[in-house]
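Please read this note with the model open beside you. The points go from the whole chain down to single residues.

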Amino acid sequence: QPDLILLDVMMPGMDGPATFRELQKNPATRHIPVMLLTAKVQATDRSRFADLGVKAVLVKPFDPMTLSQQVAGILGWS
């Protein structure tokens, strides 16, 4: 099982929030933390994503060189 699932908000077919809701329905995946990646940074979007129950929202563009550090910090890993 993965330690974390990183989903883009905008994906073809099923978007990130819909994928997250499906993961929450499955007992095998509901405990895995999910982070959303998005370019939408308006307050209403952030509020909607936070209300879903995801672990965090990362805003694009991001620095790929520091992504692992950001994820570790959000998950509380040292």
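The numbered points below describe the fold, the sheet, the helices and a few residues.

1. Basis. This is a predicted model, in which local features need pLDDT of at least 70 and side-chain atom pairs count only at pLDDT 80 or more, while totals for chains, interfaces and linings use all residues. Residues are numbered from 1 along each chain as its sequence is written, and side-chain values use heavy atoms, with hydrogens and water left out.

2. Elements. The protein has three helices and three strands. Here helices (H or I, at least four residues) and strands (E, at least two) are DSSP runs, numbered from the N terminus. Read from the N terminus, their order is β-α-β-α-β-α.

3. Overall size. How does the radius of gyration agree with that of a compact globule? For 78 residues such a globule would have a value near 12 Å, and the protein has 12 Å, so the two agree. This radius is taken over C-alpha atoms, and the globule rule is 2.2 Å times the number of residues to the power 0.38. Along the principal axes, the C-alpha atoms fill a box of roughly 30 × 30 × 20 Å.

4. Surface and burial. The accessible surface comes to about 5000 Å², and 57% of it belongs to carbon and sulfur atoms. Such areas come from the Shrake-Rupley method with a 1.4 Å probe; for residues, only the protein chains shown count as cover. Of the 78 residues, 33% count as buried. Buried means under 20% relative accessible area, exposed over 50%, and partly exposed in between (1.4 Å probe, protein chains only).

5. The sheet. In what order do the three strands of the open sheet lie? The order is E1-E2-E3, with parallel pairing. Strands E1 (5-8) and E3 are the edge strands, each pairing on one side only. Two strands pair if DSSP finds at least two bridges between them. On average, neighbouring strands are turned by 25° against each other, direction ignored.

6. Pairing of E1 with E2. Four bridges join E1 and E2 in the parallel sense. Leu-7 has Leu-36 as its bridge partner in E2, and Leu-6 stands opposite Met-35 in E2. Between these strands the chain passes through H1, and this β-α-β crossover is right-handed. Right-handed means that, with the strands pointing away from the viewer, the path from the first strand over the helix to the second runs clockwise.

7. Pairing of E2 with E3. Strand E2 (residues 34-38) is joined to E3 by four bridges, and the two run parallel. Met-35 stands opposite Ala-56 in E3, and the partner of Thr-38 in E3 is Val-59. The chain goes from E2 to E3 by way of helix H2 (residues 43-52), again as a right-handed β-α-β crossover.

8. Faces of the strands. Five of the five residues of E2 are buried. Val-34, Leu-36 and Thr-38 point one way from E2, Met-35 and Leu-37 point the other way, and all are buried.

9. Helix H1 (residues 16-25) lies across E1 and E2, at about 145° to E1. Helix H3 (residues 67-75) lies across E1, E2 and E3, at about 160° to E3. Axes are lines fitted to C-alpha atoms, for helices over the stretch in contact, and angles run from 0 to 180 degrees between N-to-C directions.

10. Thr-38. This residue is in strand E2. Why does Thr-38 count as buried? Thr-38 counts as buried because its relative accessibility is 2%. Leaving aside neighbours within four places in sequence, Thr-38 is in contact with residues including Val-9, Phe-49 and Lys-60. Contact means heavy atoms within 4.5 Å.

11. Leu-4. Leu-4 lies in the segment before E1. Apart from neighbours within four places in sequence, its contacts include Ile-32, Pro-33, Val-71 and Leu-75. Across the whole protein, 47% of contacts between residues at least 6 apart in sequence join residues at least 24 apart.

12. A cis bond. Where is the cis peptide bond to Pro-61 found? It joins Lys-60 and Pro-61, with omega about -5°. Pro-61 lies in the loop between E3 and H3. Most peptide bonds are trans.
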